[in-house]
Amino acid sequence: MLRVGVVRGGISPEHPVSLKSGAAVLRALHEKFPDKYKPIDILIDREGNWYMRGVPFDPRDLRKKVDVVVNGLHGYFGEDGKIQKFFDDIQIPYTGSGALASAVAMHKGLAKERFKALGVQTAQGIEIEYKEEYGEEHAANFTRDIWERMGPPWIVKPITGGSSVGTHVCKTFDDLRAALEENFQNKNSVLIEEFIDGREATVGVVNNFRGEDMYVLPPIEIVKPAASPFFDFQAKYSGESQEICPGNFTREDKQELMRLARVIHEGLYLDHYSRSDFIIHPRKGIFALEVNTLPGLTEASLLPKAIDAVGGSFHDFINHLIQLAYKK
């Protein structure tokens, strides 16, 4: 029986989301594969302490206790290549992309450069790397510089954040300055992009699925609540957004979304699975926003919904990921 460590929690602001992802994976393994897998709950608390089945332990001993890891973390230390490097160092197989690919994909600036190199349209953007001395005065100076270089509206994002934490749509000078101040207070480097208003879509890709090296799932259309300026944290997790799968896109847009998701997955050297997010502008076409190397793994998450739409099941998808990791 294969010992499967399910790592969840973590030190990022996405800790609560990760807890749910990990819990869903543990439940699936317990319910559907009791004779195939021995699921082991591995929790990392907000301070970075590791627990196995509730008992503190040294993560360097992980190789002695599990055969393969399902990485259910989200955000930094989970998606940015750091824990992947740790797993590589202790020589334990894990689900998801490798350390370097994860680091590039998680860094929105680096990912944007790769999108451009791959011929994938992406919004105009300006990066600001955080420094310890940055405060209100620096936020005001950067705001003036951005105002001169790129007109409103803007969207401000932490360079390595997830789940839209710290992300703001800004329509005025004061909005932009406040968003920069908040991110500097949280020690975030930021990416400021032109805000593209349009229909939101997300597309999953799974490796070695249904006889294809890269199987592209049907695009999901995301219809946010009217009160939300974009698909923000509240819209993602309040249950108020509509997530339509397959989305109500034209045949041409659907094919192009699927093509771009494949290009991104392959071009960023991603592995096992990924989910790319897009905006479809009515005149300017499709813009790539970002790519998620560890999408949510609850049964209500976007990628599992797309699996369900093509006749798959959440349980079998988790089994597929474990087999991909262990065979590798």
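Guide: Accessible areas come from the Shrake-Rupley method with a 1.4 Å probe, and the structure above is a predicted model.

Visitor: How much of the accessible surface of the protein chain belongs to carbon and sulfur atoms?

Guide: With that method, the accessible surface of the protein chain comes to about 14,800 Å². Carbon and sulfur atoms are the ones asked about, and their part of this surface is 48%.

Visitor: Why can the protein chain be called as compact as a globular protein of that length?

Guide: The chain holds eleven helices and 15 strands. For 328 residues the globule rule gives 20 Å, and the chain counts as that compact because its own value is close to this. That value, the radius of gyration of the protein chain, is 20 Å.

Visitor: What share of the 328 residues counts as buried?

Guide: A residue is called buried when its relative accessible area is under 20%. Applied to the 328 residues of the protein chain, this cut-off gives a buried share of 55%.

Visitor: Is His15 buried or exposed?

Guide: His15 belongs to helix H1, which covers residues 15-32. Apart from neighbours within four places in sequence, it touches Gly9, Gly10, Ile44, Asp45 and Arg46. The limit for the buried class is under 20%, and since the relative accessibility of His15 is 7%, His15 counts as buried.

Visitor: Which residue takes a positive phi in the hairpin of E10 and E11?

Guide: Strand E10 (residues 199-209) and strand E11 (residues 212-216) run antiparallel and are joined by four bridges. One of the pairings can be followed from Asn207, whose bridge partner in E11 is Met214. Two residues lie between the strands of this hairpin, and the residue with a positive phi, near 55°, is Arg210.

Visitor: What is the relative accessible area of Asn208?

Guide: Asn208 is part of strand E10, and, leaving aside neighbours within four places in sequence, Asn208 is in contact with Asp213, His320 and Leu324. Buried means under 20% and exposed means over 50%, with partly exposed in between. Asn208 falls in the partly exposed class because its relative accessible area is 45%.

Visitor: What separates the C-alpha atoms of Asn208 and His272?

Guide: Along the chain, Asn208 and His272 are 64 residues apart.

Definitions and conventions
Residues are numbered from 1 along each chain as its sequence is written. This is a predicted model: local features need pLDDT of at least 70, side-chain atom pairs count only at pLDDT 80 or more; totals for chains, interfaces and linings use all residues. Side-chain values use heavy atoms; hydrogens and water are left out. The radius of gyration is taken over C-alpha atoms; the globule rule is 2.2 Å times the number of residues to the power 0.38. Buried means under 20% relative accessible area, exposed over 50%, partly exposed in between (1.4 Å probe, protein chains only). Contact means heavy atoms within 4.5 Å. Two strands pair if DSSP finds at least two bridges between them.
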